[in-house]
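Hello,

Here is the structure for you to look through. My notes on its salt bridges follow below.

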Amino acid sequence: MKPILKLYRGYANDQELIVMGHVFLPTKGEDYDFQDKHFKNASSIIGMYRMKTWSNADIYLTHNNTVIHTKTLGDGYFKFCIPLAEDEYGWVKYQVSLNYKKETITAKDSYIRPKIDHLGIISDIDDTFLVSYTMNPLKKLYNLLFHNINRRKIFEDVTAHYQALSEAGRKQNGELNTFFYVSSSEWNLYRFIVKFTEIHNLPKAVLLLKDIKTSLSQFFWTGRGGHNHKFEKIKHILEFYPNLKYVLIGDDSQEDPYLYEAIAKIFPLTIQAIYIRQTSKRKKQKVINTLKNLESLKVEVCYFKKSKEAIAHSKRIGLIQ
C-alpha cells in the first residue's frame, strides 16, 4: 500500500502561484471508479468520505527548476503560495511529490494564469448546472449514492451558455476566459465534479470546495452548513484578480443571490452580470427584490428558469455573440 497524493487545479496572477491538494494515508480501498453495479457507486462514494488524511507529511513542489518543501496541515491539506517566476499564460503544468519508504510518489496537474483583459466566470455547481435537488436532502443523498456519474443530469443548454461565455471576447490563439466552480461540496467530491464537467463539455475550471470530510457521520451532512466558505472564496478570487471583469452564476435554492449581492457591493466596478437559476415552480420575491437592488448598482441581472433565457440575456447585453 502507498499513500495517495491528490492535486487540484491551481491558479496564478502576475506575482503569485497557488497550488493545493491532499495527502491520504496508505489504504487498500479503491478510488472512486464511477461504476454503478450492485451498489458499487454508493460504496465508492461512501469510501471517499472514509479515507484518512496524512497530517504533517513532507511534500515537494517542483517549480522553475527549484524544489520547494512544505508539510501538510492537520487535515492532510497542503497549499503552496509562492512568488511566480514564469511568464506563461493559460493552463500551465506543475508537479508535486512525496517520499515514502525510499520511493518517490509524484503527481501532476495544472494551474491557470489568465491575462488581465479576460473575463472571469464564477459558477456554483449544485442546482446551477448539476441537477442536485438541494432543497430535498433525502433525494439529493439518493442521487449522490445511487445515480452514477453517467446518470446524473445537467440542465438543458448549460453547456452552450458556458462555452459561449468561455469564448466571449477571445478572438485569437484559442484563448479562453477563466472559469471557477465554487461550491459548498467538499474536496471529497473533486474527481466526481471534474469528471462530470468533462462528460458534458463544460469549460475547464479551477474548483474551490469546502474542507474535506473524513467520517461517515460527516458524509450525511455533505454540502450543508454555512455558506461563508463560498463568500470568502469568491472574495478571494476577485482580490487575487482585481483587473478581471466577472460574471457570477448561481441558483435560488440557498444563499447565492444574497452572497452575490454582498460581493457586488464590495466590488462595485468588477461585476458585469449575475445569473440566478429558478429551482422551484415560482420565483422567490426575496430574490426578485435582491436582483432589483443589484440593478440599481448597474449590475446586469437575469433570474431564469431555463438556460436558453440566460443565453438570450447574455446576447442582449453584448456579453456573448
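Is Asp 14 buried, partly exposed or exposed? Asp 14 counts as partly exposed, because its relative accessibility is 35% (buried is under 20% relative accessible area, exposed is over 50%, and partly exposed lies in between, with a 1.4 Å probe and protein chains only).

Before the rest, some ground rules. This is a predicted model, in which local features need pLDDT of at least 70, side-chain atom pairs count only at pLDDT 80 or more, and totals for chains, interfaces and linings use all residues. Residues are numbered from 1 along each chain as its sequence is written, and side-chain values use heavy atoms, with hydrogens and water left out.

The structure has 11 salt bridges (a side-chain nitrogen of Lys or Arg within 4 Å of a carboxyl oxygen of Asp or Glu). One of them pairs Asp 14 with Arg 113, with 2.8 Å between the closest N and O atoms. Asp 14 sits in the loop between strand 1 (4–12) and strand 2 (16–24) and Arg 113 in strand 7 (residues 103–113), so the pair ties together parts 99 residues apart in sequence. Helices (H or I, at least four residues) and strands (E, at least two) are DSSP runs, numbered from the N terminus. Arg 113 is buried, at 5% relative accessibility.

Another salt bridge joins Lys 265 to Glu 261, at 3.8 Å between the closest N and O atoms. Both residues lie in helix 7 (residues 256–266), four residues apart, about one turn of the helix. Glu 261 is buried, with a relative accessible area of 15%.

Regards
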